[in-house]
Amino acid sequence: MTTESEPGQGPTDPVLQVLVSERRQVISVAYRLLGSLADAEDVVQETYARWYAMTPEQQEAIDVPGAWLTKVAGRICLDLLKSARSRRERYVGEWIPEPLPGGTEWISGSSGGAADDPAERVSLDESITMAFLVVLDSMTPAERVAFVLHDVFRYSFVDVAEIVGRTPGACRQLASSARRRLHTSRAPAGPAAQQAGIVRKFRQAWEAKDIDALVGLLDPDATVIADGGGLVSTVLRPVEGSEQIARYIVALAERVPGLTVLERVVNGRPGLVAQRDGVTVTVAAFHVEGDRITRIWTVRNPDKLGPWRGAQSLS
């Protein structure tokens, strides 16, 4: 990757190279902390603005620029998470994280440290699934930051403490509490190929308006959570039960003719994208356990579909 050189800097300036290479790390961390790619990009812009606002002497005093960028981004995310609760209380309908196109991740991990116990580690692929992000959204801001930075990105609790503003021991307790919350709420998903096959059958049954086939693919206690927001109408409460869901989505297909339903990777898992006249209007993420669908999250808020209007992958 080539970049234009800054005044006084050559194209091979090592600090500039670090700043460029660390951008993917920073946005990767921020997306998991905020559940919004748009907000994550804003955090990246603010983080880099703070770097360039410093004098050359202040920049030179920073031993590891990449670690500094992550620390600043983490603090900005923590402040945003604290203010997000009041905003979401005013949100119309259920809040769902912003869906992410593509199936591969940006980075391979952090060089900032390692989780103390391999059992505590979470793969990067797993940490972008909709099911995972929804559980993260139920955590307190401090729990979420401590857990994501330590268990996902392998930062030490000493490093996390500098971001959260608590002692390393307190951060360890925060991550432990978040881990228990995650283990209580999360059920393991089936193999990717099996998930893809079930989602494909779901699409086919939906297009055929086959209620019986849909019921057979849904867990009896399945739930659909819809996020409209903005000026888009939405279902204010989750739809529960396989038959109720089947009838709901068939009625939806009848009310909105002319949709093209495509199979796409949504947050690293098989999902569906509905388009009208080539424009994405709905993104659906699925959680499959065994041979049944247990959760469907559908996002229709146009503010959350920006990445789906262009390239279908961020990899």
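At what angle do the axes of helix α6 (residues 141-152) and helix α8 (residues 168-185) cross? They cross at roughly 90 degrees and come within 8 Å of each other. The model is predicted, so local features need pLDDT of at least 70 and side-chain atom pairs count only at pLDDT 80 or more, whereas totals for chains, interfaces and linings use all residues. Residues are numbered from 1 along each chain as its sequence is written, and side-chain values use heavy atoms, with hydrogens and water left out.

**Overall composition**

- The secondary structure of the chain comes to eleven helices and six strands; helices (H or I, at least four residues) and strands (E, at least two) are DSSP runs numbered from the N terminus.
- Of the 315 residues in the chain, 46% are buried, where buried means under 20% relative accessible area, exposed over 50% and partly exposed in between (1.4 Å probe, protein chains only).
- Contact means heavy atoms within 4.5 Å; among contacts between residues at least 6 apart in sequence, 65% join residues at least 24 apart.

- On the α6 side, the contact is made by Ala142, Glu143, Ala146, Phe147, His150 and Asp151; on the α8 side, by Cys171, Leu174, Ala175, Ser177, Ala178, Arg179, Arg181 and Leu182.
- The residues of this contact of α6 with α8 divide into eight nonpolar, two polar and four charged (Ala, Val, Leu, Ile, Met, Phe, Trp, Tyr, Cys and Pro count as nonpolar, Asp, Glu, Lys and Arg as charged, and the others, Gly among them, as polar).
- The axes of helix α5 (residues 130-137) and α6 come within 9 Å and cross at roughly 140 degrees; axes are lines fitted to C-alpha atoms, for helices over the stretch in contact, and angles run from 0 to 180 degrees between N-to-C directions.
- Helices α5 and α6 are therefore oblique to each other.
- Phe132, Leu133, Leu136 and Asp137 of α5 meet Arg144, Phe147 and Val148 of α6, a set that divides into five nonpolar, no polar and two charged residues.

**Helix α9 and the residue after it**

- The 17 residues of helix α9 (residues 192-208) should span 24 Å at 1.5 Å a residue, and the end C-alpha atoms are 24 Å apart, which agrees; the expected span is 1.5 Å times one less than the number of residues.
- The buried residues of α9 are Gln195, Ile198, Val199, Phe202, Arg203, Ala205 and Trp206.
- The face turned away from the buried side of α9 carries the exposed residues Ala193, Lys201 and Ala208.
- Lysine 209 follows α9 and lies in the loop between α9 and α10 (211-217).
- Phi of lysine 209 is near 55 degrees, a positive value in a residue other than glycine, and lysine 209 is partly exposed, with a relative accessible area of 41%.

**Two further residues**

- Aspartate 277, in the loop between β4 (269-276) and β5 (279-289), also has a positive phi, near 55 degrees, and is exposed at 75% relative accessible area.
- Threonine 70 is placed in helix α4 (residues 65-89) and is buried, with a relative accessible area of 2%.
- Not counting residues up to four places away in sequence, threonine 70 touches Gln25, Val26, Leu149, Tyr155 and Ile163.

Conventions: Angles under 35 degrees count as roughly parallel, over 145 as roughly antiparallel, 65 to 115 as roughly perpendicular and the rest as oblique.
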